[in-house]
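Open the model in your viewer and keep the selection tool ready. The tour moves from one selection to the next.

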Amino acid sequence: MEKRAGEQDPEKALRETLNYCALLSTGEDGTRGCFTIATASELLPDDKDIYEKVSYMFSEIKKNLLIIIKQGQEKGIFRLDVKAEIMAESLFIMLEGMRVYGKVKPDFSALKQANEFIMMSVLKMGQTNSSALAGGG
């Protein structure tokens, strides 16, 4: 994600991040789940060492999402009426929830449609590609 955040167009970086998470959340990878989330669910909030490690992992993901969002706002691609921090936090929550959802073997195409909805909520008006939600993408 860090490489995407630093090198790609913000819209492409966010789409690839969302779709990569959808891929990790389906099939065999999805049923195995995410080690960080499993650790957080089992050992937090009582284990201080685990808390620090999980907090670091989560903060790095949010940091890269924030970079992507801020770059998109600066380039006029992403909406400006919502703070970048709020959008990054919301995206983070959605991505981590997707990893948990992967335990029940969701359909990849359904996750991609959900990702397109997320993109539509982040993109500046007039920049959306709603054909994917209407079944065309």
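Select Glu52 and Lys48 to begin. Their side chains meet in a salt bridge, 3.7 Å from N to O. This is a predicted model. Both residues lie in helix H5, four residues apart, about one turn of the helix. Glu52 is partly exposed, at 45% relative accessibility. Lys48 is exposed, with a relative accessible area of 59%.

Next, pick Glu11, Arg15 and Glu116. Salt bridges that share partners join these three into one network. Now zoom in on Glu116 and Arg15. Their closest N and O atoms are 2.5 Å apart, in a salt bridge. Glu116 lies in helix H7 and Arg15 in helix H2, so the pair ties together parts that are 101 residues apart in sequence. Color by accessibility here. Glu116 is buried, with a relative accessible area of 8%. Arg15 is partly exposed, at 21%; the cut-off for buried is under 20%.

Stay on helix H2, residues 10-24. Select Lys12 and Glu16. They form a salt bridge, with the closest N and O atoms 3.9 Å apart. The cut-off for a salt bridge is 4 Å. Lys12 and Glu16 are four residues apart in H2, so about one helical turn separates them. Lys12 is partly exposed, with a relative accessible area of 44%. Glu16 is partly exposed too, at 31% relative accessibility. How many salt bridges does the structure hold? There are eight.

Go back to H5 and show all of it, residues 48-74. At 1.5 Å a residue, its 27 residues should span 39 Å. The end C-alpha atoms are 38 Å apart, which agrees. Which residues of H5 are buried? Select Ile50, Val54, Asn64, Leu65, Ile68, Ile69, Gly72 and Gln73. Then step past the helix to Gly76, which follows H5 and has a positive phi, near 75 degrees.

Last stop: helices H6 (residues 84-101) and H7 (residues 108-122). Their axes come within 12 Å and cross at roughly 175 degrees. That angle makes H6 roughly antiparallel to H7, because angles over 145 degrees count as roughly antiparallel. Show side chains at the contact. From H6, select Met87, Leu91, Met94, Met98 and Tyr101. Eight are nonpolar, one is polar and none is charged.

Conventions
Residues are numbered from 1 along each chain as its sequence is written. This is a predicted model: local features need pLDDT of at least 70, side-chain atom pairs count only at pLDDT 80 or more; totals for chains, interfaces and linings use all residues. Side-chain values use heavy atoms; hydrogens and water are left out. Axes are lines fitted to C-alpha atoms, for helices over the stretch in contact, and angles run from 0 to 180 degrees between N-to-C directions. Helices (H or I, at least four residues) and strands (E, at least two) are DSSP runs, numbered from the N terminus. Angles under 35 degrees count as roughly parallel, over 145 as roughly antiparallel, 65 to 115 as roughly perpendicular and the rest as oblique. Contact means heavy atoms within 4.5 Å. Ala, Val, Leu, Ile, Met, Phe, Trp, Tyr, Cys and Pro count as nonpolar, Asp, Glu, Lys and Arg as charged, and the others, Gly among them, as polar. The expected span of a helix is 1.5 Å times one less than its number of residues. Buried means under 20% relative accessible area, exposed over 50%, partly exposed in between (1.4 Å probe, protein chains only).
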